[in-house]
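Open the model in your viewer and colour it by confidence. The stops below are given in the order to select them.

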Amino acid sequence: VAAMRFTDATNGLVVARTVVGENPPTLVALRTSDGAKTWKPEELGLDARFVQALYLSRDAATLTAYSGNHGISVFAYKG
C-alpha cells in the first residue's frame, strides 16, 4: 500500500505501509527535493494495521488513509 505525489519536477513524496519483523505495520514517508536522485525517510508514527489504501492530495499536504470497516482517516501532513 503506497501513495506518491510530485508537486513539481523536483519535489516529491511517497508514503508507504511497511512491516518490519514482528512489529505492527507503520506508515513511512520518503521525500525528495532533487528530482528523485535522493530520498529522505521520515517516520510518520501512525498505526497502519488496517490501512488498505492511501491517497495524497495534489499539494502533498493531506494524506487520506482508507481502512475498510474501520473508516477513513485524514491527516494534515507537514514534512
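Two strands count as paired if DSSP finds at least two bridges between them. Strands are DSSP runs (E, at least two residues), numbered from the N terminus. This is a predicted model, in which local features need pLDDT of at least 70 and side-chain atom pairs count only at pLDDT 80 or more, while totals for chains, interfaces and linings use all residues. Residues are numbered from 1 along each chain as its sequence is written, and side-chain values use heavy atoms, with hydrogens and water left out.

**Stop 1: the hairpin.** Select residues 53–56, strand β5, which four bridges join to β6 in an antiparallel run. L54 stands opposite A65 of β6. Five residues separate β5 and β6 in this hairpin, and A60 in the turn has a positive phi of about 60°.

Buried means under 20% relative accessible area, exposed over 50%, and partly exposed in between (1.4 Å probe, protein chains only). In a regular strand the side chains alternate between the two faces of the sheet.

**Stop 2: the open sheet.** Select β1 to β4. The four strands form an open sheet in the order β1-β2-β3-β4, with antiparallel pairing. β1 (2–6) and β4 (40–47) are the edge strands, each pairing on one side only. Five bridges join β1 to β2 (residues 12–18), and A2 has A16 as its bridge partner in β2.

**Stop 3: a charged pair.** Select R31 and E42. They form a salt bridge, with the closest N and O atoms 3.3 Å apart. E42 lies in β4 and R31 in β3, so the pair ties together parts that are eleven residues apart in sequence. The cut-off for a salt bridge is a side-chain nitrogen of Lys or Arg within 4 Å of a carboxyl oxygen of Asp or Glu; by this rule the count is one. E42 is buried, at 14% relative accessible area, and R31 is partly exposed, at 27%.

**Stop 4: confidence.** Which strand has the lowest confidence, and which the highest? Strand β7 (residues 72–76) is lowest, at a mean of 71, and β1 is highest, at 95. pLDDT is the predictor's confidence in each residue, from 0 to 100. For the protein chain the mean pLDDT is 86, and 95% of residues reach 70 or more. Where pLDDT is low, the predicted coordinates should not be read in detail.
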